Amino acid sequence: MNHEPQETVTGDSVKGRRLRVAKGRRPWFFKNPESDQLVAMVVALASELATLRDRVDAHERLMEKEKEFSKKAVDAFEPSEAVAQERDEWHADYLNRIFRILQSEIDDVAKQAGEKEYRDVVKSVTR
């Protein structure tokens, strides 16, 4: 498999709509591009699921309030400040669960870097 970043092709369409695609080379954050690709897929799926959850939440709230509703009503639904805060908290918790493994690795690397810096300072002071 080619590990070189590739330019993104633009101009694809789904059901007559033009897809918005970033141009240029994709940045790599992990040692192998497959990991980056997997993370990109997980993030895309997580985004879709979060959007779906917000729409289900709108359906539920409209059902409680109006008993009948339409797609137009769901699309036009504007959450109150309290509902928006509740959603924000859910989104933050959701992202924390998704990225927990990555955050754990970052914390381990930071801890190791911190211990190395500490040892380096001790060495320089005790010389």
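**Exercise 1. Is Phe77 buried, partly exposed or exposed, and what is its relative accessibility?**

*Solution.* Start with the cut-offs: buried means under 20% relative accessible area, exposed over 50%, and partly exposed in between, using a 1.4 Å probe and protein chains only. Phe77 has a relative accessibility of 21%, so it counts as partly exposed. Keep in mind that this is a predicted model, in which local features need pLDDT of at least 70, side-chain atom pairs count only at pLDDT 80 or more, and totals for chains, interfaces and linings use all residues. Residues are numbered from 1 along each chain as its sequence is written, and side-chain values use heavy atoms, with hydrogens and water left out.

**Exercise 2. Place Phe77 in the fold and find its partners.**

*Solution.* First, the location: Phe77 sits in the loop between helix 2 (71–76) and helix 3. Helices (H or I, at least four residues) and strands (E, at least two) are DSSP runs, numbered from the N terminus. Next, look for contacts, meaning heavy atoms within 4.5 Å. Setting aside neighbours within four places in sequence, Phe77 is in contact with Ala58, Arg61, Leu62 and Arg87.

**Exercise 3. How many residues does helix 1 have, and which of them are buried?**

*Solution.* Helix 1 covers residues 33–66, which gives 34 residues. From its first C-alpha to its last it reaches 49 Å, close to the 50 Å expected at 1.5 Å a residue; the expected span is 1.5 Å times one less than the number of residues. The buried residues of helix 1 are Pro33, Asp36, Ala46, Ala50, Asp54, Asp57, Ala58 and Leu62. Ala58 and Leu62, both on that list, are also contacts of Phe77. Just past the end of helix 1, you will find Lys67 with a positive phi of about 65 degrees.

**Exercise 4. Which residues does Asp54 touch, and is Asp54 buried or exposed?**

*Solution.* Asp54 belongs to helix 1. With a relative accessible area of 19%, Asp54 is buried, because that value falls under the cut-off. Leaving out residues up to four places away in sequence, Asp54 touches Arg87 and His91.

**Exercise 5. Describe the setting of Leu102.**

*Solution.* Leu102 lies in helix 3, which runs over residues 81–126. Its relative accessible area is 24%, so Leu102 is partly exposed. Now turn to Val39, 63 residues away along the chain: the C-alpha atoms of Leu102 and Val39 are separated by 9.9 Å.

**Exercise 6. Step back to the whole chain: what is the order of its elements, and what is its mean pLDDT?**

*Solution.* Count the elements: there are three helices and two strands. Read from the N terminus on, they run β-β-α-α-α. Of the 127 residues, 10% are buried. Among contacts between residues at least 6 apart in sequence, 35% join residues at least 24 apart. Last comes pLDDT, the predictor's confidence in each residue, from 0 to 100. The chain's mean pLDDT is 79, and 75% of the residues reach 70 or more. Over residues 1–10 the pLDDT is below 50, and this stretch has 20 contacts in the model beyond near neighbours in sequence.
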